[in-house]
Amino acid sequence: MTTPRPETLAKLTPVLTKRWLSPDAWRIGTYEKLDGYAALRKALKAHPDDLIQLIKDSGLRGRGGAGFPTGLKWGFIPQGDGKPHYLVVNADEGEPGTCKDLPLMTHDPHSLVEGVIIASYAIRANRAYIYIRGEAVHAARRLRNAVQEAYAKGYLGKNVLGSGFDLELVVHSGAGAYICGEETALLDSLEGFRGQPRLRPPFPATHGLYASPTVVNNVGTIASVPYIVLGGADWWKTMGTEKSSGPMIYSLSGRIANPGQYECSMGITLRELIELAGGMQPGHNLRFWTPGGSSTPLLTAEHLDVPLDFEGVAAAGSILGTTATQIFSDQDCPVYATYRWLEFYHHESCGKCTPCREGNYWMVRVYRRILAGEGTHEDLDTLLDTCDNILGRSFCGLGDGATSSVTSSLKYFKQDYLDYIEGRTAPKLSDKQLVGAH
Amino acid sequence: MTVFTEETRARAREIIARYPADRSRSALLPLLHLVQSEEGYVSPAGVEFCAEVLGLNKAQVGAVATFYTMYKRKPTGDYLVSVCTNTMCNVLGGQQVYDTLAEHLGVGHDETTEDGKITLEHAECLAACDYGPVMTVNYDFFDNVDAQTALDVVDELRAGGRPMPTRGARLCTLKEMAVQLAGFADERPGAVADGGPGEPSLRGLRLAEQNGISVPGFDPNTPIRSKAEADQAAAAAKAKAEAAQAAGAAANPPAADRKPAGDAARAQQRNLKEAEAQK
């Protein structure tokens, strides 16, 4: 295990994660002692438009993967339209590799609740929902407890802290569907339907929940708000890069010495992150990795020095996504890894769009055939052709995401595929697992 | 045909009251969790119950119930054991854990042991990759499992014990968990407090703490600028930039051939500086 250099350590920016070190921070009393609800008191004295401007000035971009400017999104909500407005927090964390929102909600749930109240006040919403992934039961326990505590203290409900602002907040558990992390599918699910994406436009900003103006933001985005309200936009911009401001929670998993959550200034590189994580595990050399979950094209050891911000990763041909860096070594097979991800997309496709529903079904079968040693050279063309017919031809990003690992692994690791096809690599799947593959 | 208890009916009313009066359908997901809390799965009676309390028809409810993985379509055991076999956990040993459990318990995916104790499933990413391979029992985490630790957990469950999850609360039954999923507080004393953060969650923080690193310049009393002030500042900055650009363009007009006049870079720099100075 190596010790990180001081200049690398200096990239650590503990902000959103900081309270996790205080084991009782999930209780309202402890939270209040650690600056908790100070931002809300401050925000309620400001005009809602000033808060939207503050978030615009901070350059905060969505932490759920797409990186859309948050202040701009809030500004799209038509004001004085006489319709109810809604804030919906997307806490349906499920992108493979992503594991930053669950610990945040478990160890510091009030920071999310406080962010919800401030954001709702800014966009003039009197009802807010946190749509939390069903399986995230312990985070939901803590979150429901936090909401209950916040009501008891007058931070939620009628006339919040005597300001005249009313807010009802409901924690709504999902039921096991990755697709509900897509914002329009989430809204359908929250309305009590199957979680299937809607065609856009119209966008949620005008026709969201119950066809009313709605902001949908990720957990990390909303939890950032109290810090910006307290420390100001200029302080927030001391972290990160010009176009990707602030701290970001990088989730490192896989073949490194110390997997875990590392909150760093945006724009840190994988080389530096691995250094923070104590290096690779003994006997493992970096071979491929995802910069932000399985829906982002794979990168390789060539990309160790790519700045991990929205622009840097895009320039390298991938997507920053959820900053879930899954790190694989020379002992892992990129063909098998891709196959497992495809099984996932096949299982999670909602079935609405034919290219995604059928394409993933068939690609899984092609992969099983290749991994069983029965693949052909033609199969590789079939895979690329199928990807061509999925990418950009489905309502939402799930279809696009499914093709990421296929096309990128074929780009960087074609030889691994050929080794299965030409018999140099022993088959990885048995006949039993091959049932139905033809 | 199950007749749902008065307690379940009272809970159903409470769930519906959480949502706007004309939007009661939003209560459908929590209500489906609720009927599972009584029956352990979504039975035809459960579908009918949801349809009845929401004024929907059974087809509308059934279409939703069959879409989501967590709504089970046949009776389940007391404990749902879910092993992550998505890529990361898979290569770290999760597939082996699943295969071992399946063989040991004599059941496959989504099947229940004969004693009615355990339902086994392979799960997709459970959002704990830094603890991989992971499995959950009634959705609470057992981290960094291997075949042996997983076997120990299921054996203890079958013997009537309740092993403590690595993170998360002490175990309850799957039906009891469904009450929480329907949106009700976990009333068991101490359950909310169970489960401190694991080391992987804290690694970056510990490094920062040990090396005395924090983000400088944080002043919680930084004033929030009014929008008018912010607009003024932005307008001033814009005007300044435009003036500089105009001055630059005037001194260095586009060429008659309309090609960009980008060649005289030094002259442009000088003009921009002059314009700045005039401001």
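**Entry 1: helix 4 and helix 11 of chain A**

I began with helix 4 and helix 11 of chain A, which are oblique to each other, a word I use for angles that are not under 35 degrees (roughly parallel), over 145 (roughly antiparallel) or 65 to 115 (roughly perpendicular). I note that this is a predicted model, in which local features need pLDDT of at least 70 and side-chain atom pairs count only at pLDDT 80 or more, while totals for chains, interfaces and linings use all residues. Residues are numbered from 1 along each chain as its sequence is written, and chains are lettered from A and ligands numbered from 1 in the order in which they are written.

I found that the axes of helix 4 (residues 48-58) and helix 11 (residues 219-236) of chain A come within 9 Å and cross at roughly 55°; axes are lines fitted to C-alpha atoms, for helices over the stretch in contact, with angles from 0 to 180 degrees between N-to-C directions. Helices (H or I, at least four residues) and strands (E, at least two) are DSSP runs, numbered from the N terminus. On the helix 4 side of chain A I listed A:Leu54, A:Ile55, A:Asp57 and A:Ser58, which meet A:Val225, A:Ile228, A:Val229, A:Ala233 and A:Trp236 in helix 11 of chain A, where contact requires C-beta atoms, placed from the backbone, within 7 Å. By class, this contact of helix 4 with helix 11 of chain A has seven nonpolar, one polar and one charged residues (Ala, Val, Leu, Ile, Met, Phe, Trp, Tyr, Cys and Pro count as nonpolar, Asp, Glu, Lys and Arg as charged, the others, Gly among them, as polar).

**Entry 2: the sheet of chain A**

I then looked up the open sheet of chain A, in which four strands with parallel pairing follow the order 3-2-1-4; two strands pair if DSSP finds at least two bridges between them. Strand 3 (168-173) and strand 4 (214-218) of chain A each have a single partner strand, so one side of each is left without a neighbour in the sheet. From one strand to the next the twist averages 20°. Strand 2 (residues 127-132) of chain A runs parallel to strand 3 of chain A and is joined to it by six bridges, and I noted A:Val171 in strand 3 of chain A as the bridge partner of A:Ile130.

**Entry 3: between the chains**

Terms used. Contact = placed C-beta atoms within 7 Å.
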